[in-house]
Amino acid sequence: AQALLVVGDDALHGRLGGPAGTRIPGMPCVSPESPQETAKIAARFVEQGYQAIKFKVYGTIDEDLANLRAIRAAIPAAITLQADANRGYKDVRAFTDTHLAAYAAAGLDIFEDPIDGTLADSAALRGKSKVKIMLAIQARSNAGVRDILTAGAADLVSGGRLQLGVSRGSPEQVIEGYRYFGYQPEEDDPQGAEMARRNIEV
């Protein structure tokens with residue numbers, strides 16, 4: 001594995017506004033087994049040069065915090081640590097009133113999709129601690145991103161990172177996946193390449 005995704009002269013960064021850089025930060029994801037093993041894996045990624053680590057949490061506060069504390073103790077404080085619950089916390093009130101503060105105290109920087117709630121519930125989390133709230137599941141379409149921004153429901157959408165490839169947790173089809181988001185390419189653009197370029201223009 002490499003800590004950075006390197007792109008060439010005629011590659012992705014050229015489509016995203018020009019030569020601002022030739023490297024895109026990568027972020028490995030750790031699926032915890034035990035706090036000790038989780039910490040070892042995270043430390044190994046940092047040794048490889050990664051500056052951000054993502055780890056899965058499952059909505060069980062004691063186990064999730066044990067893994068977080070183990071990871072934070074094993075890596076430098078400057079490394080960004082992001083948890084991803086995939087909406088695993090079902091008790092929105094308990095998470096809002098107590099759990100988020102515990103995550104902040106344990107050294108978490110970013111929490112991705114923490115609760116199984118509404119956009120208003122997510123908006124209520126913002127500013128309650130130093131932990132930044134990130135939404136990804138609801139940001140899989142242009143309409144979803146607009147709804148998040150309109151509701152003020154997240155501090156981050158992508159965190160400055162570009163997601164490449166296909167997530168295990170994504171239910172959308174890989175082949176012609178754009179159709180599942182309501183897009184239809186023109187007949188002279190069967191792969192949707194020109195359509196994609198138009199849609200990322202700023």
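1. A residue counts as buried when its relative accessible area is under 20%. Phe 111, with a relative accessible area of 0%, is therefore buried. The model in which this residue is examined is a predicted one, and the points below should be read accordingly.

2. Overall architecture. The protein comprises 7 helices and 7 strands. Read from the N terminus, its elements follow the order β-α-β-β-α-β-α-β-α-β-α-β-α-α. Of its 202 residues, 37% count as buried. Among contacts with a separation of 6 or more, 62% are made by residues 24 or more positions apart.

3. Confidence. The average pLDDT of the protein is 81, and 78% of the residues score at least 70. Residues 1–9 have a pLDDT below 50, although this stretch makes 21 contacts in the model beyond near neighbours in sequence. Over residues 163–168 the pLDDT likewise stays under 50, and here the model has 4 contacts beyond four places in sequence. Where pLDDT is low, the predicted coordinates should not be read in detail.

4. Aromatic pairs. The structure contains 7 aromatic pairs. One of them joins Tyr 89 and Phe 111 in an edge-to-face arrangement, with 6.3 Å centre to centre and 80° between the planes. This pair links distant parts of the chain, 22 residues apart: Tyr 89 sits in the loop between strand E5 (80–84) and helix H4 (92–105), while Phe 111 belongs to strand E6 (residues 110–112). Tyr 89 has a relative accessibility of 3% and so counts as buried.

5. Because Phe 95 lies in helix H4 and Phe 111 in strand E6, the pair ties together parts that are 16 residues apart in sequence. Both Phe 95 and Phe 111 are buried. Tyr 89, Phe 95, Tyr 103 and Phe 111 make up one aromatic cluster.

6. Thr 96. This residue is also found in helix H4. Its relative accessible area is 16%, so Thr 96 is classed as buried. Leaving aside residues up to four places away in sequence, Thr 96 touches Leu 125 and Lys 128.

7. Most residues other than glycine have a negative phi. Asn 86, in the loop between E5 and H4, has a positive phi near 50°. Asp 113, in the loop between E6 and helix H5 (119–125), has a positive phi near 45°. How do the two stand in terms of accessibility, buried or partly exposed? Asn 86 is partly exposed because its relative accessible area is 40%, whereas Asp 113, at 1%, is buried.

8. The structure has 1 cavity of 30 Å³ or more, and the volume of the largest cavity is about 30 Å³. Which residues line the largest cavity? The lining consists of Arg 87, Asp 113, Ile 115, Gly 117, Ser 122, Leu 135 and Gln 138. By type, these lining residues divide into 2 nonpolar, 3 polar and 2 charged.

Note on methods
Residues numbered from 1 in each chain as written. Predicted model: local features only at pLDDT ≥ 70, side-chain atom pairs only at ≥ 80, totals over all residues. Heavy atoms only, no water. Phe/Tyr/Trp six-rings, centres within 6.5 Å; stacked < 30°, edge-to-face > 60°. Helix = DSSP H or I, 4+ residues; strand = E, 2+ residues; numbered from the N terminus. Buried < 20%, exposed > 50% of the residue type's maximum accessible area, 1.4 Å probe, protein only. 1 Å grid on protein atoms, 1.4 Å probe; cavity = no way out; pocket = protein on both sides within 12 Å on 5 of 7 lines; lining within 4 Å. Points joined across faces, edges and corners; volume = space filled by probe spheres on them. Nonpolar A, V, L, I, M, F, W, Y, C, P; charged D, E, K, R; others polar. pLDDT = per-residue confidence, 0-100. Contact = heavy atoms within 4.5 Å.
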